[in-house]
Amino acid sequence: IDFLRTQLQSLILTRESELKLRWETRVEQIYYDLSLYDLSFSRKNIIQALKSFKTPVGEKNLLIYRWKQAVDYIHYNCFFKQETLSEDSLYDVYRIIQPKVRYQSFEDFPEYVRYAVSEDHPVIRAALLQLVVYNLKPFPSLNEPFSHLAFQLALTWAGWDLRGFVCIEEQ
């Protein structure tokens, strides 16, 4: 994994190629994340919603738009964080996709989140955090697709965003 990360980080691309790869990866990531929640999401819907410069109309388009905001927030803001990944970090991202939902922590969740800041490899920590969110369902809704964002958050927080080129697919 470390060798592939180094190869990807040192890959020389034109600006156009890099932007195209990031766009395609974002579309794929949003597609895979949201198709877990609702199988009626398609790549075409996601591309149309993201290319629209109008205010999103409809629940689906609004969720796509907010999901993109959350992915961008993770990508652009995690590099400047000084504190440790915490329950609040997850809530900040969740609040982007569900701004009106009030979140109430439950007793053991912060303890489980600490697994994501252990001394293990960043990919293992991210996978553990994804499992915690997926299995404990700490949020009122969207826990399954949000677990993928939690994975991405933990990887990016650890400096493993891989230039935004990697998308985790469901097999």
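Arginine 22 has a relative accessibility of 23% and counts as partly exposed (buried is under 20% relative accessible area, exposed over 50%, partly exposed in between; 1.4 Å probe, protein chains only). The model is predicted, so local features need pLDDT of at least 70 and side-chain atom pairs pLDDT 80 or more, while totals for chains, interfaces and linings use all residues. Residues are numbered from 1 along each chain as its sequence is written, and side-chain values use heavy atoms, without hydrogens and water.

The side chain of arginine 22 meets that of glutamate 18 in a salt bridge, with 3.0 Å from N to O (a Lys or Arg side-chain nitrogen within 4 Å of an Asp or Glu carboxyl oxygen). Glutamate 18, at 18% relative accessibility, counts as buried. Both residues belong to helix H2 and are 4 residues apart, about one turn of the helix (helices are DSSP runs of H or I, at least four residues, and strands runs of E, at least two, numbered from the N terminus). A second salt bridge joins glutamate 24 to lysine 20, with 3.0 Å between the closest N and O atoms. Glutamate 24 and lysine 20 are likewise in helix H2, 4 residues apart, about one turn of the helix. Glutamate 24 is partly exposed at 35% relative accessibility, and lysine 20 is exposed, with a relative accessible area of 52%.

## A bridge between H2 and H4

The count of salt bridges comes to 6. One of them joins aspartate 72 to arginine 26, with the closest N and O atoms 3.5 Å apart. Aspartate 72 lies in helix H4 and arginine 26 in helix H2, so this pair ties together parts 46 residues apart in sequence. Arginine 26 is buried, with a relative accessible area of 8%. Lys68 joins Arg26 and Asp72 in a network of salt bridges.

## Aromatic rings

There are 4 aromatic pairs (ring centres of Phe, Tyr and Trp, its six-membered ring, within 6.5 Å; planes under 30 degrees apart are stacked, over 60 edge-to-face, the rest tilted). Tyrosine 31 and tyrosine 32 form an edge-to-face pair, 5.3 Å centre to centre with 65° between the planes. Tyrosine 31 is buried, with a relative accessible area of 18%, as is tyrosine 32, with 13%.

Tyrosine 94 and phenylalanine 139 are stacked, 4.2 Å centre to centre with 10° between the planes. This pair links distant parts of the chain, 45 residues apart: tyrosine 94 is in helix H5 (residues 87–97), and phenylalanine 139 is in the loop between helix H7 (122–136) and helix H8 (143–157). Tyrosine 94 is buried, at a relative accessible area of 0%, and phenylalanine 139 is also buried, at 4%. Together with Phe146, Tyr94 and Phe139 form one aromatic cluster.

## Nonpolar core

The largest nonpolar core has 40 residues, of which Ile64, Trp67, Leu90, Ile97, Phe146, Leu149 and Leu153 touch the most other members (a core is a set of buried Ala, Val, Leu, Ile, Met, Phe, Trp, Tyr and Cys joined through side-chain atoms within 4.5 Å). Two or more residues of this core come from each of helix H2 (15–37), helix H3 (43–51), helix H4 (59–77), H5, helix H6 (109–113), H7 and H8. H8 gives the largest share, 8 residues.

Leaving out residues up to four places away in sequence, isoleucine 64 touches Ile30, Leu34, Phe41, Asn45, Ile46, Ala49 and Leu50 (contact means heavy atoms within 4.5 Å).
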